[in-house]
Amino acid sequence: MTARMSGHERRSQVLGIAAGEFANHGLHGASTEAIAREAGITQAYVFRMFGTKKALFLELVGAAFDRFSDGMSRAARGEKGLSALTLMGAQYYEMLADRTTLLLQLQGFAACGDSEVRDLVRTRVGRMWDTVADTAGLDPVTVKSFLAFGMLLNNVAALDVGELDEPWAKGVRTRIRPGLFEHITAETNR
């Protein structure tokens, strides 16, 4: 006989299943029926736990953004300037291996036609900006360049370019060494 799950355990189970469903199919393509079936519960129980499909999506997308921001903050704790960026960048790059979290973040951007999703994603991007800016203490041009580079890394990771033997794919896989952002400052961008 299978042991009964606590409410917390069931919620965690459903969040894990739903993360994969939303990462692969997005807000509108994901199926709460499929989530419920895989969890061995009714669709009504999923709605009882989360309210709506969109509320479940918002929780997962918010958590995906938070994992990146929190990870960068922890990685650079106690550092400032370009050394903080180096540590945050290395942490961000490592986190891209978590494909579900990456795709949830991208699905959040893709669903920004919905005002509630857009508001959540704006808030989380703002938090990511503040994490980098406050931790590193650098000017907006450097922070913007760092985050723009991160978006390129997101796209490259989503494309699985490691599988390609094309010149452009080799180019975007080029490892970045510390010091990339030394020349990108408000002073050099006048």
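Reply: Happy to. A word we'll need is contact, which here means heavy atoms within 4.5 Å. Also, keep in mind that this is a predicted model.

Me: Got it. Which helices do the buried residues of α2 pack against?

Reply: They pack against α1, α3 and α4. The buried residues in question are T32, A34, I35, A36 and A39.

Me: What happens at the start of α2?

Reply: There, a side-chain oxygen of S31 comes to within 3.2 Å of the backbone nitrogen of E33. Just after α2, G40 has a positive phi of about 75 degrees.

Me: Let me zoom out. How many helices and strands does the chain have?

Reply: The chain has 9 helices and 0 strands. The C-alpha trace spans about 60 × 40 × 35 Å along its principal axes.

Me: And how much of the chain counts as buried?

Reply: Of its 190 residues, 40% count as buried. The accessible surface comes to about 10700 Å², and 54% of that belongs to carbon and sulfur atoms.

Me: What share of the contacts with a separation of 6 or more comes from residues 24 or more positions apart?

Reply: Such residues account for 70% of those contacts.

Me: Now the inside. Which residues of the largest nonpolar core touch the most other members?

Reply: Those are F22, L56, L60, M88, V132 and F146, out of 51 residues in that core. Each of α1, α2, α3, α4, α5, α6, α7 and α8 supplies at least two residues of the core. The largest share, 9 residues, comes from α4.

Me: Let's pick L60. What is L60 in contact with, leaving aside neighbours within four places in sequence?

Reply: L60 is in contact with L15, A18, A19, F22 and L104.

Me: Switching to charges: how many salt bridges are there?

Reply: The structure holds 9 salt bridges. One of them joins the side chains of K54 and E116, at 2.6 Å from N to O. K54 is in helix α4 and E116 is in helix α7, so this pair ties together parts 62 residues apart in sequence.

Me: Are K54 and E116 buried or partly exposed?

Reply: K54 counts as partly exposed at 22% relative accessibility, and E116 counts as partly exposed at 45%.

Me: What else does the side chain of K54 touch?

Reply: A polar contact of 2.8 Å joins the side chains of K54 and D114. D114 is in the loop between α6 and α7. A polar atom of the D114 side chain also lies 2.9 Å from the backbone nitrogen of E116.

Me: Why does D114 count as buried?

Reply: Because its relative accessible area is 19%, and buried means under 20%.

Me: OK, and what about R124 and D66?

Reply: Their side chains meet in a salt bridge, 2.8 Å from N to O.

Me: Staying with α6, what does the side chain of T101 do?

Reply: T101 lies in helix α6, and its side chain makes a polar contact of 3.2 Å with the side chain of R67. T101 is buried, with a relative accessible area of 3%. Leaving aside neighbours within four places in sequence, T101 is in contact with A64, R67 and F68.

Key: Residues numbered from 1 in each chain as written. Predicted model: local features only at pLDDT ≥ 70, side-chain atom pairs only at ≥ 80, totals over all residues. Heavy atoms only, no water. Core = buried A, V, L, I, M, F, W, Y, C linked by side-chain atoms within 4.5 Å. Buried < 20%, exposed > 50% of the residue type's maximum accessible area, 1.4 Å probe, protein only. Helix = DSSP H or I, 4+ residues; strand = E, 2+ residues; numbered from the N terminus. Polar contact = N/O pair within 3.5 Å; in protein donor to acceptor, adjacent residues only side chain to side chain. Areas by Shrake-Rupley, 256 points an atom, 1.4 Å probe, with all protein chains shown as cover. Salt bridge = Lys/Arg side-chain N within 4 Å of Asp/Glu carboxyl O.
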